[in-house]
Amino acid sequence: MVTLVWQEGLWQVMRNYGIPEQLVVLLEDLYSKSVSTVSRPKLREWFKVTDGVRQGCNLSPYLFNLILEAMLQEALENIE
């Protein structure tokens, strides 16, 4: 099973948690330039990556945990 992080939601969660705007903008810029391709013989199409965190990046586990924490808090707010 593959779980992807919705990047636009991640930036909003970071802002809601009070993470400095400079860091949020820096990560938005880094992720906005992410592209990928699926290689086939004589065909290579590039597409923009809008979901997920960067594989191998030291920040990726923290970003994933941050949005997961926000989702759990949202779910638990509605439970008595």
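Modeller: Buried means under 20% relative accessible area, and exposed means over 50%. Keep that in mind, since this is a predicted model.

Biologist: Which residues of H2 are buried?

Modeller: Val24, Leu27 and Tyr31. They cover an arc of only 70° around the axis, so they sit on the same side of H2.

Biologist: Why do residues three or four places apart point the same way in an α-helix?

Modeller: Because an α-helix has 3.6 residues a turn. In this structure, H2 runs over residues 21–32 and reaches 16 Å from its first C-alpha to its last. That is close to the 16 Å expected.

Biologist: What covers the buried residues of H2?

Modeller: The cover includes helix H1 (7–16) and helix H3 (60–77). On the other side of H2, Gln22 and Leu26 are exposed.

Biologist: Now charges. How should I read a salt bridge?

Modeller: Side chains of opposite charge can pair when their charged atoms come close. Here the count is two salt bridges. Glu21 and Arg15 meet at 2.9 Å, N to O. Arg15 and Glu28 meet at 3.0 Å, N to O. Arg15 lies in helix H1 and Glu28 in helix H2, so this pair ties together parts 13 residues apart in sequence. Salt bridges that share partners join Arg15, Glu21 and Glu28 into one network.

Biologist: Is Arg15 buried, exposed or partly exposed?

Modeller: Partly exposed, at 29% relative accessible area. Glu28 is partly exposed too, at 23%.

Biologist: Which residues make the nonpolar surface patch?

Modeller: Leu68, Met71, Leu72, Leu76 and Ile79 make a patch of about 500 Å². Leu72 lies in helix H3 and is partly exposed, at 45%.

How values were computed:
Residues are numbered from 1 along each chain as its sequence is written. This is a predicted model: local features need pLDDT of at least 70, side-chain atom pairs count only at pLDDT 80 or more; totals for chains, interfaces and linings use all residues. Side-chain values use heavy atoms; hydrogens and water are left out. Helices (H or I, at least four residues) and strands (E, at least two) are DSSP runs, numbered from the N terminus. The expected span of a helix is 1.5 Å times one less than its number of residues. Buried means under 20% relative accessible area, exposed over 50%, partly exposed in between (1.4 Å probe, protein chains only). The arc is that of the directions from the helix axis to the C-beta atoms. Contact means heavy atoms within 4.5 Å. Patches are made of residues with over 30% relative accessible area and no salt bridge: like charges are joined within 9 Å, nonpolar side chains (Val, Leu, Ile, Met, Phe, Trp, Tyr) within 5 Å. Accessible areas come from the Shrake-Rupley method with a 1.4 Å probe; for residues, only the protein chains shown count as cover. A salt bridge is a side-chain nitrogen of Lys or Arg within 4 Å of a carboxyl oxygen of Asp or Glu.
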